[in-house]
Amino acid sequence: MKGCEEFTMRVLNYMELKIPSKSQNEAFARVAVAAFVAQLDPTLDEVTEIKTAVSEAVTNSIIHAYEDKIGEIIIKGKIYENFVVEIEVIDFGKGIEDVELARQPLFTTKPDEERSGMGFTVMETFMDKVEVTSEVGKGTCVRMFKAIKKRKSEGVEIEQSFPGGIDK
Amino acid sequence: MDFEAIMMEGTLILKMKGELDQYNADRYRLRFDMKIVSPEVQKVVIDISELTFMDSSGVGFLVGRFKTARAFAKELVLVCSSSYINRLLSTCGIEKLIKKYTTIDEALS
């Protein structure tokens with residue numbers, strides 16, 4: 001599965017992580033993304049919302065995309081101008097047959113395993129926008145956006161430190 | 001994640017601390033169920049106020065423990081004073097299923 005389509009806003013900073021789909025890595029993934037986003041000086045609520053959304057997407061890749069196997073998960077973070085954060089969670093697992101259905105609240109393919117079926121609903125509630133692209137047998141890309149409220153502190157410096165943006 | 005179990009006159013209080021995600025849900029499911037089904041327990045109070053993180057896998061975990069208690073005809077209620085976790089719980093519609101209180105005292109009365 002390749003990532004989602006490129007976006008035309010100016011990129012100020014980016015990061016990329018690759019992890020095996022082990023559930024111990026859920027905590028690492030969300031904390032790493034939180035640390036990346038911290039340069040924008042977000043509120044505690046904003047950080048927690050992003051961490052929760054990342055945790056949902058990574059858990060989906062571990063539980064559903066790879067099921068009993070271990071595969072790779074790529075997590076990409078980008079900071080765009082105007083403090084817009086983009087997080088992509090990409091896997092190369094089994095893919096989702098019907099994305100619209102999978103996004104419905106309470107929908108789960110594993111009701112007997114205590115799956116709440118609320119993963120996508122939580123991502124949609126806590127982020128501003130969630131896009132899902134998936135191909136059966138190839139994998140899934142979840143791309144999420146959130147605008148961080150600008151506050152007067154070092155967060156402003158990031159925009160000045162990359163005056164022309166960076167090529168990515 | 002870690003938890004503390006307190007027994008008080010037939011009521012089992014389970015205080016959870018740390019992060020409740022899919023990884024920890026898998027690790028603690030059986031341990032919680034063993035305590036809940038124990039014959040001296042009539043009522044279960046799960047206090048999640050001190051969780052520093054929870055996602056929908058944590059919600060699934062709580063619903064699972066509620067179902068265990070219900071299968072043994074025991075009452076299970078939640079205590080939560082964290083605004084972030086309360087928001088997650090209401091997003092997932094858990095309040096329709098499990099009674100929720102803000103303090104342990106309220107849950108015990």
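This is a predicted model: local features need pLDDT of at least 70, side-chain atom pairs count only at pLDDT 80 or more; totals for chains, interfaces and linings use all residues.
A residue counts as buried when its relative accessible area is under 20%. By that rule Cys80(B) is buried, because its relative accessible area is 1%.

**Chain A as a whole**

- Chain A has five helices and five strands.
- Read from the N terminus, the order of these elements is β-α-α-β-β-α-α-β-β-α.
- Chain A is made of 168 residues, and 53% of them are buried.
- Among the contacts in chain A with a separation of 6 or more, 71% are between residues 24 or more positions apart.

**The contact between chain A and chain B**

- Chain A puts 23 residues into the contact, and chain B puts in 20 residues.
- About 1,800 Å² of area is buried between chain A and chain B, and carbon and sulfur atoms give 50% of that area.
- Three residues, Arg30(A), Glu114(A) and Phe126(A), supply 29% of the area that chain A buries against chain B, which is more than any other three residues supply.
- Five salt bridges are found across the interface of chain A and chain B.
- One salt bridge joins the side chains of Arg30(A) and Glu19(B), with an N to O distance of 2.7 Å.
- Between chain A and chain B, 11 residue pairs are in polar contact, with both residues of each pair at pLDDT 80 or more.
- On the side of chain A that touches chain B, at least two residues come from each of helix H1 (25-37), helix H2 (44-65) and helix H4 (119-126).
- H2(A) gives the largest share of that side, with nine residues.
- By residue type, the side of chain A that touches chain B holds six nonpolar, 10 polar and seven charged residues.

**Cysteines**

- How many disulfides does the rule count over all chains? The count is zero.
- The cysteine sulfur closest to that of Cys80(B) belongs to Cys92(B) and lies 12 Å away; a disulfide needs the two sulfur atoms within 2.5 Å, so this pair is too far apart for a bond.
- Cys92(B) is likewise in no disulfide, the nearest cysteine sulfur being that of Cys80(B).
- Cys92(B) has a relative accessible area of 10%, so Cys92(B) counts as buried.

**Lys110(A)**

- Lys110(A) sits in the loop that runs between helix H3 (99-102) and H4 of chain A.
- Is Lys110(A) buried or exposed? Lys110(A) counts as buried, because its relative accessibility is 12%.
- A polar contact of 2.8 Å links the side chain of Lys110(A) to the side chain of Glu67(A).
- Apart from neighbours within four places in sequence, Lys110(A) is in contact with Ile63(A), His64(A), Glu67(A) and Arg115(A).

**Thr133(A)**

- Where in chain A does Thr133(A) lie? Thr133(A) is part of strand S4, which covers residues 129-135 of chain A.
- The relative accessible area of Thr133(A) is 38%, so Thr133(A) is classed as partly exposed: partly exposed residues fall between the 20% limit for buried and the 50% limit for exposed.
- Thr133(A) and Glu113(A) are separated by 20 residues in sequence, and the distance between them in space is 25 Å, C-alpha to C-alpha.

Methods: Residues are numbered from 1 along each chain as its sequence is written. Chains are lettered from A and ligands numbered from 1 in the order in which they are written. Side-chain values use heavy atoms; hydrogens and water are left out. Contact means heavy atoms within 4.5 Å. Buried area is the accessible area (1.4 Å probe) that two parts lose on being put together, summed over both. A salt bridge is a side-chain nitrogen of Lys or Arg within 4 Å of a carboxyl oxygen of Asp or Glu. A polar contact is a pair of N or O atoms within 3.5 Å; within protein, one must be able to donate a hydrogen and the other to accept it, and residues adjacent in sequence count only if both atoms are side-chain atoms. Helices (H or I, at least four residues) and strands (E, at least two) are DSSP runs, numbered from the N terminus. Ala, Val, Leu, Ile, Met, Phe, Trp, Tyr, Cys and Pro count as nonpolar, Asp, Glu, Lys and Arg as charged, and the others, Gly among them, as polar. Buried means under 20% relative accessible area, exposed over 50%, partly exposed in between (1.4 Å probe, protein chains only).
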